[in-house]
Amino acid sequence: MTIQELQNLKNKYDIIGNDPALNRALEVAVTVAPTDITVLVTGESGVGKENIPRIIHQNSARKRGKYFAINCGAIPEGTIDSELFGHEKGSFTGAHEMRRGYFEEADGGTIFLDEIGELPMASQAKLLRVLQTGEFIRVGSSKVLKTDVRVIAATNINLFHAVSKGRFREDLYYRLNAVNIIMPSLRERAGDINVLFRKFASDFSAKYGYSKVSLTEDASILLKKYRWPGNIRQLKNIAETVSALESGRMAPGSDKCVIDVDVLSKYIPREEPNLLPVMPDSRQDTPENAAEREAIIRSIFQLKQDVEYLKKIIADAGLARGNAPAIAPPESSQVPVSQEVAQDLYDYDEDPEDQEYDVQETEDMSIKASNMELIAKVLAKHGGNRKAAAAELGISERTLYRKIKNMK
């Protein structure tokens with residue numbers, strides 16, 4: 001592209017800046033536009049990734065077709081398949097009529113899938129099929145439909161890292177990443193920061209009739225030094241805020257509002273250590289930790305069932321003896337253990353193969369009921385903590401677990 005062609009393109013899509021990385025991204029977009037090759041646009045949030053798919057669509061043979069921009073992260077997981085591929089009447093609650101999805105509506109056009117990394121795994125498989133064969137199935141249907149759609153995706157996360165963590169399909173990643181267009185962050189475009197600020201401030205003053213805002217040299221340096229985590233979107237917000245609140249500071253003999261470093265610093269967020277984002281736990285969202293959490297949940301649920309079952313047995317045993325059931329923890333810090341019951345508990349702490357209840361006469365049943373009552377009291381006292389309960393009873397945690405199982 002010539003310099004003039006590139007500038008015309010920027011003017012058409014209201015793109016400001018002359019950074020080489022930005023120019024390269026725009027040139028690649030125009031070059032691949034006439035083809036149907038899949039494009040993946042990467043870059044931080046707020047860098048203007050949404051301009052690239054519009055440029056590609058408008059410079060392609062599909063420009064007369066429909067163009068849909070879909071934010072995958074903004075659609076609930078339970079409805080995203082319906083949004084993308086449509087659904088049949090009665091396929092789920094609320095499906096009162098048949099609905100065509102975006103892929104069916106955009107036949108012959110272009111679909112821009114923003115935040116593609118948020119797409120659920122099941123939907124990723126369906127998207128891969130569309131990319132490979134052009135085929136899809138509406139939710140609640142068994143009929144295979146065809147579509148001719150060009151897909152452009154964008155993400156602000158490292159998809160390759162997501163693949164390594166099992167959160168994104170590897171085959172879909174390579175299918176989407178045929179051409180990767182990288183949009184530079186604002187801090188990588190330091191030479192464009194002041195140009196962008198002037199443009200945003202000028203547009204705001206023209207729209208609302210405010211005085212034009214300009215920066216002193218030291219204020220311009222401060223603007224360049226800030227790291228701009230929100231990129232262009234954040235810079236625009238600050239430029240408009242400064243214009244709205246400081247436009248009354250008129251320079252003598254001028255219609256401009258001159259902002260120095262002291263004034264501007266009030267609008268630049270302070271990057272104190274305690275205000276920075278917390279580093280996520282590297283152990284989160286791994287398959288191992290997911291399995292561990294599931295095991296803990298199952299154990300808690302099982303423990304709750306055990307305690308409820310013990311309470312029921314004790315209540316039944318108490319009623320059979322004509323006594324009211326007593327399952328509340330005793331007032332003293334230690335649960336009194338009779339010599340007979342203590343010996344019985346001790347006898348259970350042997351080899352698992354030798355553990356059996358003596359189911360003889362009423363006296364033995366009474367001992368069994370006492371054991372169950374004691375275990376329930378100690379478990380209730382320690383809030384269901386088996387380890388603590390086993391320690392107070394003087395038996396191993398494994399033995400306590402076995403005794404609870406044998407009582408069922």
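Biologist: In this predicted model, which helices do the buried residues of α1 pack against?

Modeller: Helix α1 covers residues 3-12, and its buried residues are Leu6, Leu9 and Lys10. Seen down the axis of α1, these buried residues fall within an arc of 100°, so they line one face of the helix. The partners against which the buried residues of α1 pack are α2 (20-32) and α3 (51-58).

Biologist: Which exposed residues does the face of α1 turned away from its buried side carry?

Modeller: Buried here means under 20% relative accessible area, whereas exposed means over 50%. By that cut-off, the face of α1 turned away from its buried side carries the exposed residues Gln4, Asn11 and Lys12.

Biologist: Which strands are the edge strands of the open sheet?

Modeller: The sheet has 5 strands with parallel pairing, in the order β2-β3-β6-β1-β7, and its twist averages 20° from one strand to the next.

Biologist: Which element gives the most to the largest nonpolar core?

Modeller: This core has 29 residues, and among those that touch the most other members are Leu84, Phe103 and Phe168. At least two core residues come from each of α4 (80-85), β3, α6 (121-133), β6 (150-155), α7 (159-164) and α8 (170-176). With 4 residues, the element that gives the most is α6.

Key:
Residues numbered from 1 in each chain as written. Predicted model: local features only at pLDDT ≥ 70, side-chain atom pairs only at ≥ 80, totals over all residues. Heavy atoms only, no water. Pairing = 2+ DSSP bridges. Axes fitted to C-alpha atoms, helices over the stretch in contact; angles between N-to-C directions. Core = buried A, V, L, I, M, F, W, Y, C linked by side-chain atoms within 4.5 Å. Buried < 20%, exposed > 50% of the residue type's maximum accessible area, 1.4 Å probe, protein only. Arc of directions from axis to C-beta. Contact = heavy atoms within 4.5 Å.
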